Structure formats: C-alpha cells, structure tokens
Amino acid sequence: MLRYLLALSAAGLALWWAPQGRWLLQFSPAVDPGRLLHQQELSQYSAAEPSKGLYLSLLGRVFDVGKGRKHYGPQGGYRFFTGRDASKAFVTGDFTEDGLTDDVSDLSPAQIVALYDWLTFYQKDYTPVGRLIGRFYTETGEPTDALRQVEASLAEGLRLKAQAEEENQQFPSCNSEWSSTSGGRVWCSTKSGGVHRDWTGVPRMLFSPGSGHTRCVCVQPDAQKQSNNPNLKEYKDCSTHAESCLLSQD
Ligand code: HEM
C-alpha cells in the first residue's frame, strides 16, 4: 500500500475523501491551474511557422517545451507533438495523424500508468502553462468525465503494478537459457528475477489466470502456502528439490 501511495505522489496525485462518501483521485489542488486554452490558441504554438512558441498538451495539461527546441522545433524529431494534445501517441509510438490523438479511452491501465510517467517527466523538466479546454477539461477548467475515467484507470494500473511487484518478490523469475544442442534449461539462484534474497528456491511453472500466461518462478519448496497454490506446477522429469530443470521438447 505504501508503494502504491508513493507512486501516486510521484505522479503528482492524491487521494481525497469526497463528501459523497468515496475516494477521489486528483492532482494536488495546491497546483496553480494556470491559463485555460482553446485548441485554436494552442495550435499557434506548434513547430510550424509562423509560431508563437512551442507548447504541447498531455492529458489536457499544457507545457511550454520551448527549451527542448532540438526535439520539438521545426527540425526536431518530436515536432508533431507541439500545438496539440496527442496523449495516446506517447504510449503507442504511433506518430501517424490517426495515432496523434487525445483519445486514450482504449488504453490499458498499464499504458495509462506509462502516460502518467510522461506527465511526471513534463512537470519536472518543463514549465506548465495551463489546461486545454476539450476532452479533459471543461470551459471552466474542471476535469471532465473522460479525465475521471483516465484517473480511475490509473488507480487500477497502479494497483496491478503493486500487485505484480509483490508477486515478483514472492515468486522471483527463474534464470533461463536455450541452446540448439541441449535445449532449454531453467534454474534458480539467489539473484534470479532481479530479486536479491537469502534463499535460492526451485523452479516451478506459475500460471497467471488473469493473462493466461505461464512463467518459470522460484519457490521455497517447503512453504506450505506455496505447495497449496493451484497455479504452481512442477516441471516434468525434474525432481521436487532440484534447483535446475531441463525443459522437455514436447
Ligand atoms: C513510444 C515511443 C516513443 C516516444 C513517445 C518518444 C518520445 C520522446 C520524446 C517526447 C522525447 C523528448 C524528451 C524531452 O523533451 O527531453 C524523446 C527523446 C529521445 N528519444 Fe524518444 N520516444 C519514443 C521512442 C524512442 C525510441 C524507440 C528511441 C530509440 C530508438 C528513442 C530515442 C530517443 C532519444 C535518443 C531521445 C533523446 C534525444 C536527445 O536528447 O537528443 N525514442 N523521445
């Protein structure tokens, strides 16, 4: 939970208890909302001449990216981000006109988390200008339902991320190798999966019902809790206490 809250604060967000009896996820109200811009005004701050400067919008938050001219200016490789809100392209990498859109409604919670990482980047490295009236902010600068949905997706993404991190601590990934002569091998070590620990563990297949994927994880074989886990399976032809298993070809 602590990690979850830290991640929220890194994204400049806070949880608020609303009078109607539910938690709301919001950017800190201490932040000055700045100017309210219409798309028409923002368009004047694109890399295309004549230009009043270089602004871009992310989730309706407008930033002055003039100091990053080498990226966003007329010769910059990311000039297409200026003068508009192309939030979706920040995570899809689709820089076509269709891809450069602010419609993020079909992004997954994990992609929304990645989008807020970009927001944190712009808040840290560039000067905030204000908010763009449109998909994410109303004429009076209030968050729209679309933004509320994005925030809900962010909360879900952070929850899933924290859960995945916790699972990775409990079940660190195995080391693996493959060679054309001897086939595949998975094995555990006290650093496998990037989790430094004082136990090595034994390889098991862990099935994730959510994703339908199976991965090799290291488990402590004597832990009662794990031996009861229906999603854990031993490798075929590999003894219960072996720290290394050869993968059968079938
Ligand atoms: C989703 C895909 C990508 C997005 C949205 C993206 C976006 C950006 C943005 C906005 C910047 C400017 C950051 C700033 O203001 O300082 C940047 C810089 C940079 N990007 Fe990307 N990028 C993507 C993929 C890539 C890939 C695949 C590569 C390499 C093959 C790459 C290489 C770079 C480099 C080297 C810089 C820094 C350039 C410099 O400092 O001169 N990017 N990227």
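Two strands count as paired if DSSP finds at least two bridges between them. Helices (H or I, at least four residues) and strands (E, at least two) are DSSP runs, numbered from the N terminus.

Hi everyone, with those terms settled, here is the model. It is a predicted one: local features need pLDDT of at least 70, side-chain atom pairs count only at pLDDT 80 or more, and totals for chains, interfaces and linings use all residues. Residues are numbered from 1 along each chain as its sequence is written.

Let's begin at strand β5, residues 61-64. On one side, β5 is joined by 4 bridges to β4, residues 55-58, and the two run antiparallel. They make a hairpin with 2 residues between the strands, and L59 in that turn has a positive phi of about 50°. β5 is also joined by 4 bridges to β6, residues 127-132, again antiparallel.

Next along is F63, which sits in β5. Is F63 buried or exposed? A residue is buried if 20 or more other C-beta atoms lie within 10 Å of its own, exposed if 12 or fewer, and partly exposed in between, with C-beta atoms placed from the backbone. F63 counts as buried because it has 21 C-beta neighbours inside 10 Å. For contacts, the C-beta atoms of two residues, placed from the backbone, must lie within 7 Å. Leaving aside neighbours within four places in sequence, the contacts of F63 include Y55, L56, Y122 and V129. And R131, 68 residues away from F63 in sequence, is 8.8 Å from it in space, C-alpha to C-alpha.

Now to helix α5, residues 109-125. The expected span of a helix is 1.5 Å times one less than its number of residues. With 17 residues, α5 reaches 25 Å from first C-alpha to last, close to the expected 24 Å. Its buried residues are I112, V113, L115, Y116, L119 and Y122.

An open sheet is formed by 3 strands in the order β7-β8-β12, with antiparallel pairing. β7 (175-179) and β12 (244-246) are at the edges with a single partner strand each, so one side of each has no neighbour in the sheet. Between β8 (residues 183-187) and β12 there are 3 bridges, and W187 stands opposite S244 in β12.

Thanks, happy to take questions!
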